[in-house]
Amino acid sequence: MSKRKRISPEEDATAHILSGEDKPCFEERFIYSNKGRGVFARMSIDKGCFILEYRGELLSQEESQTRQNIYTDSENAFLFDFNWGGRQWCIDASEEDGSLGRLVNDNHKTPNCKVKKIVIEGKPHLCLFSVKDIAPGEELTYNYGDANPPWRTRVTRAVPSSEENTPSQEGSCLLTKINSPKPTEQVPSMFAAQVKDHHDSYAQCYEELSKLTLESEGGATDHRMIYLRLSESTYG
């Protein structure tokens, strides 16, 4: 009996693009309120495998700009800009179509996936491929690029001067202060448009965080609780 020929990752990607279906070995999970949803592996995945397609509607740069102007912030979060054929394009994945690629989160330090273009019948598709072995239960992530979205900044606890610049073991929290983003083709449009819009809110949150102290039973400052309260009051 002959062995079944093993298909390449690119062939695997092509087959799933044409079928419009995701692999069954991944699942959506809710993580927590400030991060939302994510995608997790249900089985071991080898390095170099096709993972998922960032599926959506292909737009020209002009069409993308038009939609950015009329979309809500949550819809703009799913506009993915990229360069192809000497022009800028966009995948609009704002529709809740049940696909998982649109829910994969950012990790700019230790991502386990990367985005590659697969061209089928003259049309580009953005696909995720694993860059390392992925264990069952591990979250899928990739680097969104050079933009500086809010969750990348950590805050340290208030400490005596002798302990300055020592990260809190309990209370380092996500994103309070951001710099001007530098969009690249791996940056969804949300970070080019929304970061600037929300800068003042984050700055206010950072200022308030530096003033507040919330004492836990052990006497330590719980900055995560402070941040959550500020986030709720700021974004509502």
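**Reading strands and cores**

Student: Which residue in β6 stands opposite F82?

Tutor: In this predicted model, F82 stands opposite W89 in β6. Strands here are DSSP runs of E with at least two residues, numbered from the N terminus, and two of them pair if DSSP finds at least two bridges between them. β5 and β6 pair in the antiparallel sense over 6 bridges. Their hairpin has 2 residues between the strands, and G85 takes a positive phi near 60° there.

Student: Which other strand pairs with β6?

Tutor: β4 (residues 57-60) pairs with β6 in the antiparallel sense, over 4 bridges. The bridge partner of S60 in β6 is W89.

Student: Why is β2 described as largely enclosed?

Tutor: Buried means under 20% relative accessible area, exposed over 50%, and partly exposed in between (1.4 Å probe, protein chains only). In β2, 5 of the 6 residues are buried, so the rest of the structure largely encloses this strand. A hairpin of 3 residues joins β1 to β2.

Student: Which residues touch the most other members of the largest nonpolar core?

Tutor: A nonpolar core is a set of buried Ala, Val, Leu, Ile, Met, Phe, Trp, Tyr and Cys residues joined through side-chain atoms within 4.5 Å. The largest has 27 residues, and F26, I51, L140 and Y142 touch the most other members. A second, separate core of 7 residues includes F50 and F129.

Key. Residues are numbered from 1 along each chain as its sequence is written. This is a predicted model: local features need pLDDT of at least 70, side-chain atom pairs count only at pLDDT 80 or more; totals for chains, interfaces and linings use all residues. Side-chain values use heavy atoms; hydrogens and water are left out.
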